[in-house]
Amino acid sequence: MQQPLNESFFQQPTLELARSLLGMLLVNENEEGAASGWIVETEAYLGPIDRAAHSFNNRRTRRTEVMFGPAGRAYTHLIHTHCLLNVVSGGIGHPESVLIRAIEPCAGIEWMYRRRGSVKKEQELTNGPGKLTKALGIGMEFYGASLFERPLFIAAGKKVTSVAVGPRIGIDNTGEAKDYPYRFWHEGNPFVSKG
DNA sequence: CGCAGGATCCGCT
DNA sequence: GCGGATCCTGCGA
């Protein structure tokens with residue numbers, strides 16, 4: 001049984017947190033058991049100065065409210081028909097977050113296949129931000145939930161030695177912000193969404 | 001109250 | 001590789 005990380009893990013600058021999250025284990029426990037995967041790809045969103053972030057210019061609405069709270073909570077939001085999972089960082093009053101873009105399946109793989117429906121290859125279960133939330137059964141009901149407490153939490157995983165850095169994905173129409181090197185991934189891992 | 005657009009995925013070519 | 005699905009959020013009137 002995995003143990004959640006201490007809350008203090010999340011008390012670090014957002015870009016360092018995005019790097020530190022690589023290799024950590026994302027776990028969701030429910031009535032069926034536990035499904036989990038190692039984080040292999042993340043993206044940082046630095047609110048006030050980052051035009052690509054929902055919290056750009058400190059925009060504060062019901063949707064972005066949780067990012068103004070303490071670090072270590074979950075910021076979930078819908079895009080098209082999918083749910084995306086972010087880790088809130090930056091501390092109180094600093095609306096920053098880290099998007100979990102891809103994970104490598106660890107436990108509960110059979111349930112992931114069941115939730116993902118027609119997917120046949122293990123690689124396609126979790127190699128995208130909308131895919132991994134569906135595979136793990138994460139939805140908007142986790143908005144604001146603490147990621148250092150069950151049932152949805154982050155635990156110590158394996159050490160990632162080879163880290164690559166580059167621009168983010170899917171945000172082409174946001175001026176200079178699209179070129180910021182805020183994306184981190186485990187180099188060579190086949191479960192990364194691109195590259 | 002209506003409209004424009006988005007941190008995506010999937011199927012088909 | 002490309003285009004459509006599909007629906008909520010934010011903003012302006």
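This is a predicted model: local features need pLDDT of at least 70, side-chain atom pairs count only at pLDDT 80 or more; totals for chains, interfaces and linings use all residues.
1. Residues are numbered from 1 along each chain as its sequence is written, chains are lettered from A and ligands numbered from 1 in the order written, and side-chain values use heavy atoms, leaving out hydrogens and water.

2. Chain A has 3 helices and 8 strands (DSSP runs: H or I of at least four residues for helices, E of at least two for strands). Their order along the sequence is α-β-β-β-β-β-α-α-β-β-β. With a radius of gyration of 15 Å, close to the 16 Å from the globule rule for 195 residues, chain A is as compact as a globular protein of that length (C-alpha atoms; the rule is 2.2 Å times the number of residues to the power 0.38).

3. In chain A, 52% of the 195 residues are buried, meaning under 20% relative accessible area with a 1.4 Å probe, protein chains only.

4. Which residues lie around DNA strand C? They are R59, T61, R63, L78, H80 and T81, each with a heavy atom within 4 Å of the strand.

5. Now the polar contacts (N or O pairs within 3.5 Å). The side chain of T61 has an N or O atom 2.5 Å from a phosphate oxygen of DNA strand C. For R59, a polar side-chain atom is 3.5 Å from a phosphate oxygen of DNA strand C. R63 has a side-chain N or O atom 3.2 Å from a sugar or linking oxygen of DNA strand C.

Terms used: A polar contact is a pair of N or O atoms within 3.5 Å; within protein, one must be able to donate a hydrogen and the other to accept it, and residues adjacent in sequence count only if both atoms are side-chain atoms. Buried means under 20% relative accessible area, exposed over 50%, partly exposed in between (1.4 Å probe, protein chains only).
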